[in-house]
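Biologist: I'd like to learn how to read a model like this. Could you walk me through it?

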Amino acid sequence: MKTKGLLFASALTMAMISSAPAMAARDYISIVGSSTVYPFATVVAEQFGKSSGFKTPKIESTGSGGGFKLFCGGVGVEYPDITNASRAIKSSEIEKCAENGVKDIVEVKIGYDGIVLANSKDTAPLKLTRQDIFLALAKDVPDPKNPGQLIANPYKTWNEVNAELPNTKIEVLGPPPTSGTRDAFVELAMESGAESFDFIKNMDKKEFARVAHTVREDGAFVEAGENDNLIVQKLQANPAAVGIFGFSFLDQNSDVIQGSFIESEAPTFENIADGKYPVSRPLFFYVKKAHVDVIPGMTGYLAEFSSEKAWGEEGYLADKGMIPMPEAERKEYAANVKNLKTIGM
Amino acid sequence: MQNTNQTSSISLKFNDGLKRRYKAEKRFQRMGIAAILIALSFLGFLFTSIISSGYTAFQQTFIQIDVDFDRKLFIDENLSAANYPGMVKTSLSKMFPDVKSRNDKKQLYKLTSPSAAYTLMDMVKDNPKIIGTSQSVWVLADDDVDMMVKGHYDRNVPEDDRRIDDNQLVWLDQLELQGKLKKKFNTTFFTAGDSREPEQAGIWGAARGSFYTLLITLALSFPIGVAAAIYLEEFAPNNIWTDIIEININNLAAVPSIIFGLLGLAIFINFWGMPRSTPIVGGLVLTLMTLPTIIIAGRASLKSVPPSIREAALGIGASKIQTVTHHVLPLALPGMLTGTIIGMAQALGETAPLLMIGMVAFIVDVPGSITDPSTVLPVQIFLWADSPERAFTEKTSAAIMMLLGFLILMNGAAVYLRKKFEIKW
């Protein structure tokens, strides 16, 4: 009796596996990509799913690079339709896409995200320049006694970096190298800090990238993982520490933490939107044109995302902490979405 | 004289040794008790921190609004096309007629959740007769309002640092005085799928996903595991190949689970072309992961069946297969079941391999079959823990409580089965 039961169960499961639809038509949109765009894309997806009658798109948070890899895998229902990215697509990725038959890609910029350095409200806000950030966090910095030479970062406290800063230990919690936030932070804050030294600026490209992009490893910079909520909690517990994360986390926790001024601009919604706050980056998503007419709901999702009620100045994405583009840019990209203007056209 | 002296010194020595031995025993016992106390205090700390931050999630703040389902608003045949958000806004404006400026109105409309409009839509669709009447409806409050009412936001910090401004506080106080602001049991949490609005988010989608995934895992790993254990223990010849297999099975039981995820990605998705993010792929991957556990537990319980049973059966003329199916397997089954349940409990709490096969995703629709995209409970916890909205903190803890509840149930079942069917030889 029991053996029969066992045999039956295994036969049943074997049947289930072999009948699994390998290439069945997909009736929902599949989206992958950046964890920074994830909180915004999910809101649009949910709105779209509730109001359109189509299934709610499925969104995976794979990181920008991982997203492109999946997206460029090929054309067909088993590959994602859209990938989100917190940086523009690289030419190497476009080539990779083309190799696999993904030739027509529509680029859509959706808005901006500010990267903030924040600390607990129990202390005064820091007033930093990008040079301060570079000096405090780079692995190798210019030798103060011997200009033109690099030495291992000797700074232990903020006021050693800049006499106007408080006398507290440099302790920065930030994202790991796999994170898009880290890439953007290094590019926007550290790189321009490094450029303020002429001799570093004049180095050859590779050497410059090494100096500007390498973060110190002696314990002053702590890789706190991808979970930004954890960084916020740690900042509350340790008022001397400074955290690096996206603007939306500052926005949601403004009662307990405060953003540091960078080049005397506070990380506020208005300053980032105006482009005054220097450490901000554009956010994108990329659409596979070949899928638009095949997967149900694609046109509707694109229309929802590029509508004023979503990405406009008063839109629901702004409520979630995304910084909208200026009106002219919004119009331009909305038109691109409508005409499905592909890259390189 | 000498003799007595000797005896007393021996007995002295003996007594000293006895004391020492008693002391050593006491010391050892105390160390054991201390170890248990430390473990218990860690556990207690874990539970209090989860429960204290999560219990509030089982209640949600609701606001009562009086909605006028005016016939003029339903000109279109299609009931979904009516302007439901507009109805919510009109109702709120009517409750606070003094609010005039555009900015203030915007703040006022933020008191209710965006889901309020869908609540109205569902009401009308369920019962179109209410068109033309006026109804008072309890709708979900916004997550920030909910956090304020539950005391997670501090009222006393400066206005700019609060997500609820002074005006909104005044309105909320008025609503509370009129009895139109209430905390109710949070049914949404148990019936809804994921959402980016904390007040609308629920664990039902993830729970269903977990259920389907475990169903596949159980349906595959139990029969395969039991059959493998029986063959290896009862039939396989004792040679180098069985030794190699045994070593490999023990090895696989210790392999980090992410490896199984990579394997699943390469074989099930890339090679077989099965759909990403679905319970069927998740179940297959978790099967690979739990199989070694089940095989090892199965072999151990087969081993514990005394050889006399087999010999007696063989002696009265039973064939080998009859011996196994009629006598050995029924006696070993309780132990195998225990192993299986423990393996399942492990699979229920697993996230790492699912990351690779796309089950870490935002999925709103509650899955209806094993080929629908879905997530599982621990993944839902991971996703909520990573969300910027503050209200997700309590949801995270509440979801952890649910997961722990399921785990306790499963492990409890394992203990019960063992106690009930255990045979002592």
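**Two chains and their contact**

Modeller: Chain A has 17 helices and 13 strands; helices (H or I, at least four residues) and strands (E, at least two) are DSSP runs, numbered from the N terminus. This is a predicted model, where local features need pLDDT of at least 70 and side-chain atom pairs count only at pLDDT 80 or more, while totals for chains, interfaces and linings use all residues. Residues are numbered from 1 along each chain as its sequence is written, and chains are lettered from A and ligands numbered from 1 in the order in which they are written.

Biologist: How many helices and strands does chain B have?

Modeller: Chain B has 16 helices and 4 strands. Its C-alpha trace spans about 110 × 70 × 35 Å along the principal axes.

Biologist: Which strands pair across the two chains?

Modeller: Strands pair if DSSP finds at least two bridges between them. Strand S2 (residues 58-60) of chain A pairs with S4(B) in the antiparallel sense, over 2 bridges. In S4(B), B:Phe362 is the bridge partner of A:Ile59.
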